[in-house]
Amino acid sequence: MSGKCRPCHSQPTDLVRLFPFLLRLERIVSLDYYQRHATELATRYQQVSARAVHGDWLTLLEPWLLAAPRRLLDVGAGSGRDAAFLAELHQGNMVVAVEPCQALAVQGQCHTCEAAVVWVNDAMPALSRVTGTFDLILLSAVWMHLPPKSRPLALARLHELLSPDGYLVLSLRLTVSELEMRERAMYPVAVDEVERLALEGGMTLLHVSEPQGDALARTGLSWQSLIIGGEYVRLP
Ligand SMILES: C[S@@+](CC[C@H](N)C(=O)[O-])C[C@H]1O[C@@H](n2cnc3c(N)ncnc32)[C@H](O)[C@@H]1O
């Protein structure tokens, strides 16, 4: 039996060396899907309004968003639907749209060319090319692409990028099939997990929506939106 065992002390070293490679590989799998289907996906995402997708949390935050110009960050901005909507909510708004998939970013730039939106090629968890702080950060249908081991780092980086009285909004895809896990590098998500990570990182879960059907009417898909803030932040 001892002949089959590798020395225990070599395992962490191998894993540590492999970790960045594995992370890159996972990102490539999910980006490859978006890269190959960018035009068709962007057309689909543009078929619904941002308001139809984000009605739940907008009910709570829209008056605050309308009250003053805001700095907004849309991570995994896709076709630019939400970035354009956020930019147009107030004349002085400035939106940074982060999109790691080049082909989707091209579509997004096209859909936001008349809005105050700056596109940045970057990805969670590091978001190393994004600077400054933001009053509202939106992750719409993106969290399921992050492997669970990257989520604490991603949330810590989002916390850094959030202004002390700002809001982080996530829409969680509650259903992920085995095929999507394999072919689109998706992972299960849960409100409890996000809440635990937020608490560990000194943030507070301020709002959880009821599970909602899919705005694009795809059968079997349901979503939940969350609003997270800094430790002392309350809903407006
Ligand atoms: C389902 S689409 C959602 C697009 C858009 N937010 C929307 O709601 O229509 C997922 C998006 O997340 C992006 N994405 C995947 N992994 C990411 C990562 N690690 N960091 C940032 N964005 C990522 C994809 O390129 C894609 O644009």
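Arg-173 is buried, because 20 other C-beta atoms lie within 10 Å. This comes from a predicted model. The cut-off for a buried residue is 20 or more such neighbours, so Arg-173, with its 20, qualifies. Arg-173 sits in strand E5, which spans residues 162-173. What does Arg-173 touch, once neighbours within four places in sequence are set aside? Its contacts are Ala-141, Met-144, Val-189, Leu-221 and Trp-223. His-145 is 28 residues from Arg-173 in sequence. In space, their C-alpha atoms are 10.0 Å apart.

His-145 leads on to the ligand. The shell around the ligand holds 23 residues. The closest are His-145, Ser-140, Ala-123, Gly-78 and Gly-76. Helix H1, residues 10-36, supplies the largest share of this shell, with four residues. By type, the shell has 14 nonpolar residues, six polar ones and three charged ones.

Now step back to the whole chain. It has 236 residues, and 34% of them are buried. Its secondary structure comes to eight helices and eight strands. Take the contacts with a separation of 6 or more: 68% of them join residues 24 or more positions apart.

Start with strand E1, residues 71-75. Four of the five residues of E1 are buried, so E1 is largely enclosed by the rest of the structure. E1 pairs with E2 in the parallel sense, over five bridges. E1 also pairs with E4 in the parallel sense, here over three bridges. Asp-74 shows both pairings. Asp-74 stands opposite Ala-97 in E2. Asp-74 also stands opposite Leu-138 in E4.

From E1, the path to E2 runs over a helix. E1, helix H4 (residues 81-88) and E2 make a right-handed β-α-β unit. Strand E2 covers residues 94-98 and pairs with E3 in the parallel sense, over four bridges. Within that pairing, Val-95 has Val-117 in E3 as its bridge partner. E2 and E3 also belong to a right-handed β-α-β unit, with helix H5 (residues 102-111) between them.

Next comes the loop between strand E3 (117-120) and E4, where Pro-125 lies. What is the form of the peptide bond from Met-124 to Pro-125? The bond is cis, with omega near 10°.

Six of the seven residues of E4 are buried, so the strand is mostly covered. Leu-136 has Tyr-167 in E5 as its bridge partner. Side chains in a regular strand alternate between the two faces of the sheet.

Which residues of H6 (residues 151-161) are buried? They are Ala-154, Leu-155 and Leu-158. These residues lie on the same side of H6, because they cover an arc of only 95° around the axis. An α-helix has 3.6 residues a turn, so residues three or four places apart point the same way. The buried residues of H6 pack against E5, strand E4 (134-140) and helix H8 (191-200).

Two alanines in loops deserve a look at their backbone. Ala-141, one of the contacts of Arg-173, is in the loop between E4 and H6. Phi of Ala-141 is positive, near 60°, in a residue other than glycine. Is Ala-141 buried or partly exposed? Ala-141 counts as partly exposed, because it has 17 C-beta neighbours inside 10 Å. Ala-185 is in the loop between helix H7 (178-183) and H8. Phi of Ala-185 is also positive, near 50°, again in a residue other than glycine. Ala-185 has 20 C-beta neighbours inside 10 Å, so Ala-185 counts as buried.

Notes:
Residues numbered from 1 in each chain as written. Predicted model: local features only at pLDDT ≥ 70, side-chain atom pairs only at ≥ 80, totals over all residues. Near = placed C-beta within 6 Å. Nonpolar A, V, L, I, M, F, W, Y, C, P; charged D, E, K, R; others polar. Buried ≥ 20, exposed ≤ 12 C-beta atoms within 10 Å, placed from the backbone. Contact = placed C-beta atoms within 7 Å. Arc of directions from axis to C-beta. Pairing = 2+ DSSP bridges. Right-handed = clockwise from strand over helix to strand, strands pointing away.
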